[in-house]
Amino acid sequence: KTIVDNNEDKTAPNITNDTVSGLAVDTSGAKDVVYVGWYEAHPKIKSGPGSQPEAMVAASVDGGATFASPTDVDPFSKITLNVNGDTHTLVMYFPVLAAGDGVVEVVGYPIEIDSTPPQQLLAARSTDQGKTWTVSAISVPAKQVYWPVVMWSPKGGPQGTFLTAYQAGPGQQQGEASILFQRSTDGGQT
């Protein structure tokens with residue numbers, strides 16, 4: 001089943017669907033809700049300020065038989081970072097997903113901006129099957145924040161537990177970073 005066609009060389013500017021990064025299934029309802037996440041790239045456009053990255057999520061409310069049009073999570077971000085006097089809205093690379101109890105949580109590391117001060121891991125939460133998102137920064141600020149994973153368990157709290165592990169560390173370079181862990185027992189709100 002094709003969720004979205006590869007658009008490379010079909011539209012301007014060129015858009016490519018790059019790297020499926022997440023698959024999650026919410027089994028709490030009468031039918032499974034399936035979520036697929038990927039990063040949509042814009043070749044020839046620099047990452048960081050002025051770029052047009054898109055952390056995409058497509059949802060199926062019928063167990064994967066059909067999918068709604070994908071949603072770009074990034075425009076919902078209100079998280080900003082000041083870099084050399086310029087304010088930039090942070091957006092995420094490679095969204096990883098977990099779902100349960102009517103909530104889908106997307107976690108991704110922020111796109112690195114040249115000369116970036118420490119950043120935080122980004123998390124997006126949706127309670128309407130991926131139509132709208134609330135984005136928050138959830139980690140300790142670090143120079144390098146990479147490779148998050150996220151899971152959901154029906155245990156641990158009244159709305160289950162979202163668990164996130166990632167690589168990061170204040171002032172540390174990739175390869176020297178700590179492995180960090182966070183948990184939320186309120187449906188991913190904190």
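Two strands pair if DSSP finds at least two bridges between them. The views below show a predicted model.

View 1. From the N terminus on, the elements run β-β-β-β-β-β-β-β-β-β-β-β-β. Of its 190 residues, 45% are buried. Among contacts with a separation of 6 or more, 48% are made by residues 24 or more positions apart. The accessible surface comes to about 9500 Å², and carbon and sulfur atoms hold 52% of that surface.

**View 2. Four strands form an open sheet in the order β7-β8-β9-β10.** Strands of a sheet pair through backbone hydrogen bonds, either parallel or antiparallel. In this sheet the pairing is antiparallel. The edges are taken by β7 (96–100) and β10 (134–137). Each of these two has a single partner strand, so one side of each is left without a neighbour in the sheet. On average, neighbouring strands of the sheet are turned by 20° against each other, direction ignored.

**View 3. β7 and β8 are joined by five bridges.** The two strands run antiparallel, and β8 covers residues 103–108. Which residue of β8 is the bridge partner of Leu97? The partner is Val106. Ala98 stands opposite Glu105 in β8. β7 and β8 form a hairpin with two residues between the strands. In this hairpin, Asp101 takes a positive phi near 55°.

**View 4. β8 is largely enclosed by the rest of the structure.** Are the residues of β8 buried or exposed? A residue counts as buried if its relative accessible area is under 20%. Six of the six residues of β8 are buried, and therefore the strand is largely enclosed. Val103, Glu105 and Val107 point one way from β8. Val104, Val106 and Gly108 point the other way. Glu105, which stands opposite Ala98, is buried along with the valines and Gly108 of this strand.

**View 5. β8 is also joined to strand β9.** How many bridges join β8 to β9? There are five, and the two strands run antiparallel. Strand β9 spans residues 122–126. Gly108 has Leu122 in β9 as its bridge partner. In the order of the sheet, β8 stands between β7 and β9.

Note on methods. Residues numbered from 1 in each chain as written. Predicted model: local features only at pLDDT ≥ 70, side-chain atom pairs only at ≥ 80, totals over all residues. Heavy atoms only, no water. Axes fitted to C-alpha atoms, helices over the stretch in contact; angles between N-to-C directions. Buried < 20%, exposed > 50% of the residue type's maximum accessible area, 1.4 Å probe, protein only. Contact = heavy atoms within 4.5 Å. Areas by Shrake-Rupley, 256 points an atom, 1.4 Å probe, with all protein chains shown as cover.
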